[in-house]
Amino acid sequence: MYSNFSISFTHVPGTMSSKIIASSKKEEGLSMSLLDLPESNLEYILERLSPAELCTMSEVCTSLRDRCRSDCLWEKLLMQKWSRIIGYVAHREWKWHMETRKREDLLIQYNQNGSLGSITGIWPSLYLGSYLEDSRQLSNSISDHHSVLAWYISLESGRFWFPGQVYTRGGLVLCCYDVLLSFDSKTDTFRARYRHDGGRKAEENIPWDRVRASPVEIPPNVLHCSDCLNDLKPRDHIEVQWRRGKDLPYDWWYATIGHLGSCDESESHCHCRNSDMLMLEFKQYSPDSIYRRVVLNRNDHGEQVMGGGGYYGGIRKLHSEDEIARWKQLLDNSNYGRPIALHFY
């Protein structure tokens, strides 16, 4: 019906209405209210607005405010930008903060810096827990601070520190480690906080391609229960938990399944899949390195200690081609992922 019209939005300061200026070949200068459009046409327009444009449009009138702040619109925007970074764990943590605020608004008084946390409102000592900075300012600016819009704004503004992981590739290191992430909109990068060697560290200017959501729903110091050990075979791509000491969190190291020493690596005679032992190959090490290959017991679902040092935990098989391609890219770039700014705090 309105396909032949060209439209532009105008808002007169001090008024509670928005106008749409429409023109067609038949009639020029036709003026009508934006809200006169059929609901489907209005929804079509709003779905194509940017987050900033939606926020501006929401200030025009009450009716448009409700439409522009709907969870349906903001869920799509959230998925478009944040779906690869925000996983189930981060979503659960956000809901925890909102429910905590709903149950006890006075909880914020226990925290001098105005943040809420999974344990104490500050950096947890046992595992990574999220926290939300300036939650009162957020809820005052948005009447329904439980909405998807509130979550989007808390992410975009960097107020929400959420659990995630960072890829790193420097020297012989090729792994993902658990961190708390916060977005910096000025640089379009991330900040990270994490525990390392018993201390607390922070990293800045982390690009998007170095961050991801945690692939498992457990804290970084908990053993992952492997469900793929009986299916693993040579050439499979995996991630395996590893940590230097019992009191440290696990990192996820990339490896491939190799052939056992007793195998001639012939496809027709290979029996590695039927063996109780698994050969893990870490290709960032030279072929003659003692760390290049590690043999684990396929039937041992607990933590395994190797002679070379460290503790090996759970294994997850990689099925996604995107995940595998990401690790291959890191493997080919020995200097990728070195921290740009790393300091204690």
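Start by selecting Q284, which sits in the loop between β13 (277–281) and β14 (293–297). Helices (H or I, at least four residues) and strands (E, at least two) are DSSP runs, numbered from the N terminus. This is a predicted model, where local features need pLDDT of at least 70, side-chain atom pairs count only at pLDDT 80 or more, and totals for chains, interfaces and linings use all residues. Residues are numbered from 1 along each chain as its sequence is written, and side-chain values use heavy atoms, with hydrogens and water left out.

**Stop 1: Q284**

Is Q284 buried or exposed? Q284 counts as buried because its relative accessibility is 9%. The cut-offs are under 20% relative accessible area for buried, over 50% for exposed, and partly exposed in between (1.4 Å probe, protein chains only).

Now show what surrounds Q284. Beyond its neighbours within four places in sequence, Q284 is in contact with R169, L172, L174, W253, Y254 and L331. Contact means heavy atoms within 4.5 Å. Zoom in on L172: its backbone oxygen lies 3.4 Å from a polar atom of the Q284 side chain. A polar contact is a pair of N or O atoms within 3.5 Å; within protein, one must be able to donate a hydrogen and the other to accept it, and residues adjacent in sequence count only if both atoms are side-chain atoms.

**Stop 2: helix α7**

Select residues 148–156, helix α7. Seven of its nine residues are buried. They are V148, L149, A150, W151, Y152, S154 and L155.

Stay with S154, inside helix α7. S154 is buried, at a relative accessible area of 0%. Which backbone oxygen does the side chain of S154 reach? That of W151, at 2.7 Å. An α-helix has 3.6 residues a turn, so residues three or four places apart point the same way.

Step just past the end of α7 to G158. This glycine has a positive phi of about 80°.

**Stop 3**

Two packed helices are described by the angle between their axes and the distance between the axes.

The crossing of α4 and α7 is left-handed: the near helix is turned anticlockwise from the far one by less than a right angle.

Show side chains at the interface. From α4, take D71, W74, E75, L77, L78, K81 and W82; from α7, they meet V148, L149, W151, Y152, L155 and E156. The residues of this contact divide into nine nonpolar, no polar and four charged.

**Stop 4: two loops with positive phi**

Most residues other than glycine have a negative phi. Select D188, in the loop between β7 (173–184) and β8 (189–196). Phi of D188 is near 55°. D188 is partly exposed, with a relative accessible area of 41%.

Next, R235, in the loop between β10 (211–212) and β11 (237–243). Phi of R235 is near 85°. R235 is exposed, at 64% relative accessible area.

**Last view: the whole chain**

Zoom out. The protein chain comes to eight helices and 17 strands. Buried residues make up 47% of its 345 residues. Of contacts between residues at least 6 apart in sequence, 57% join residues at least 24 apart.

Technical notes
Nonpolar A, V, L, I, M, F, W, Y, C, P; charged D, E, K, R; others polar.
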